[in-house]
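These entries record what I looked up in this structure, in the order in which I looked. Each entry is brief and keeps to one topic.

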Amino acid sequence: MSTNGSVPPGASLPAHARDLVRMHEAVIGGARPRVLPRPLVSRSWSRALGHGLAADGINARASIPLEEVAHRREKSPLRPVIDDLGQVIDATSMLLVVTDAQGVILWRAGSPAIRRRADSLGFSEGADWTEATVGTNAIGTALAEAAPVELLSGEHFEQNQHPWYCSASPVHDPRTGELLGVIDVSGPALTLHPAIGALVETGRRLVEAELWRHHRQRLDHLRRTGEPLLAASNGPALLIDDDGWVATATGIAPGERVAAPLDGQVLAVPGLGACLPERVAGGWLVRRAEASRHVRLDLELGRSPALRTQAGETGWRRAITPRHAEILVHLNTAGPAGLSAEALSRALYGDAEHLVTVRAEVSRMRRLLGAIVDTRPYRLADGVVLTVHGNGE
């Protein structure tokens with residue numbers, strides 16, 4: 001990701017900032033501006049107008065109590081790396097802001113003078129800084145566009161934000177891709193430097209690299225504490241974290257990651273077959289099911305189909321859709337050879353023209369019930385034994 005600068009190459013910063021203010025006045029007033037808004041800005045202004053926001057002043061602010069801010073800070077995955085970010089971005093002449101994934105400001109650093117100026121805009125801890133609340137701004141627009149954003153002066157929707165520049169970049173969990181929050185640097189408009197966008201990008205890279213380092217440390221801890229469990233296992237086994245990242249394995253080469261485990265839900269691992277992961281301190285122990293612990297499925301047909309799953313002493317019962325019940329019946333009938341997507345389409349719909357629907361239904365079933373079905377071809381996973389009860393009437 002890279003931030004597209006708000007100032008054209010070679011342009012005078014003061015002159016361009018004045019042009020942007022005139023642009024804002026013309027567009028909001030219904031006239032044709034001499035300088036057109038960038039497409040990103042035009043999209044954001046349209047969204048702000050759609051939210052019913054006013055451009056001439058400060059719209060009503062929304063914020064959460066400071067007690068809730070403290071709670072969100074404590075729970076935030078960004079908390080362990082905030083100090084590292086502050087060492088990279090010097091906030092003496094600018095305002096450094098970090099939000100959560102909802103655009104709520106959790107951390108803020110800067111000189112007392114610039115913090116006071118920010119307070120006058122409601123740009124403080126606990127404030128909701130999404131487009132729906134404050135209009136076009138780097139934080140809210142970065143969230144809306146899912147991309148880094150830099151804005152200068154009149155590009156902000158609210159007139160009261162025109163004395164500012166802001167440059168922001170979304171931060172994602174490097175393990176899962178999940179959005180964690182936004183890093184923003186803001187300051188007086190005429191102090192914007194071409195390197196600000198690169199500085200924010202460096203901060204984002206640092207944060208994501210530190211998150212990855214902390215992730216590796218947790219995996220190392222899981223490996224050290226869980227190795228006795230592997231040593232006591234008779235046969236292949238692996239230790240994984242809550243997201244399916246492999247800390248260590250014995251007798252199997254599963255790669256870096258397997259499917260994320262859920263308590264009591266079947267997990268299929270290449271080379272192990274169907275398993276029910278066992279919770280251990282800091283993660284999960286996954287072992288090949290013994291003959292006595294095969295995953296046993298009882299499918300109850302009828303008007304409201306239900307599936308009962310049993311593996312040893314662990315199991316669950318869930319209602320399933322008639323379509324998912326029908327898929328399981330066909331795969332059970334097919335046996336280990338399974339069915340291709342075309343064959344399953346014919347079995348379900350009478351022709352081979354519903355491949356997209358078939359793939360979507362199987363994918364949805366795997367998300368809901370766990371990896372009880374393997375793909376290519378579709379078949380019951382190794383170690384799964386299905387018994388069908390009733391005739392579906």
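**Cysteines**

I began with Cys 275, which has a relative accessible area of 1% and is therefore buried, the limit being under 20%. I note here that the model is a predicted one. I then turned to Cys 166, which has a relative accessibility of 5% and so counts as buried. I searched the whole structure for disulfides and found zero. For reference, a disulfide is a covalent bond between the sulfur atoms of two cysteines.

**Nonpolar cores**

I next looked up the largest nonpolar core, which has 55 residues. The members that touch the most other members are Leu 78, Phe 123, Leu 152, Ile 183, Val 185 and Val 207. Strand E4, residues 164-172, gives the most to this core, with five residues. Another core lies apart from it and has 26 residues, including Ile 320, Ala 325, Ala 341 and Val 384.

I listed the contacts of Val 185, leaving aside its neighbours within four places in sequence. Among them are Ile 89, Met 94, Leu 95 and Leu 96. Val 185 is also in contact with Tyr 165, Cys 166 and Ser 167, and with Ile 196 and Val 200.

**Helix H2**

I checked the length of helix H2, which has 12 residues, 39-50. At 1.5 Å a residue H2 should span 16 Å, and its end C-alpha atoms are 17 Å apart, which agrees.

An α-helix has 3.6 residues a turn, so residues three or four places apart point the same way.

**Ala 381**

My last entry concerns Ala 381, in the loop between strand E16 (379-380) and strand E17 (384-389). Is Ala 381 buried or exposed? Its relative accessibility is 2%, so Ala 381 counts as buried. Ala 381 and Gly 273 are 108 residues apart in sequence, yet their C-alpha atoms are 6.4 Å apart in space.

Methods: Residues numbered from 1 in each chain as written. Predicted model: local features only at pLDDT ≥ 70, side-chain atom pairs only at ≥ 80, totals over all residues. Heavy atoms only, no water. Helix = DSSP H or I, 4+ residues; strand = E, 2+ residues; numbered from the N terminus. Expected span 1.5 Å × (residues − 1). Disulfide = S-S within 2.5 Å. Buried < 20%, exposed > 50% of the residue type's maximum accessible area, 1.4 Å probe, protein only. Core = buried A, V, L, I, M, F, W, Y, C linked by side-chain atoms within 4.5 Å. Contact = heavy atoms within 4.5 Å.
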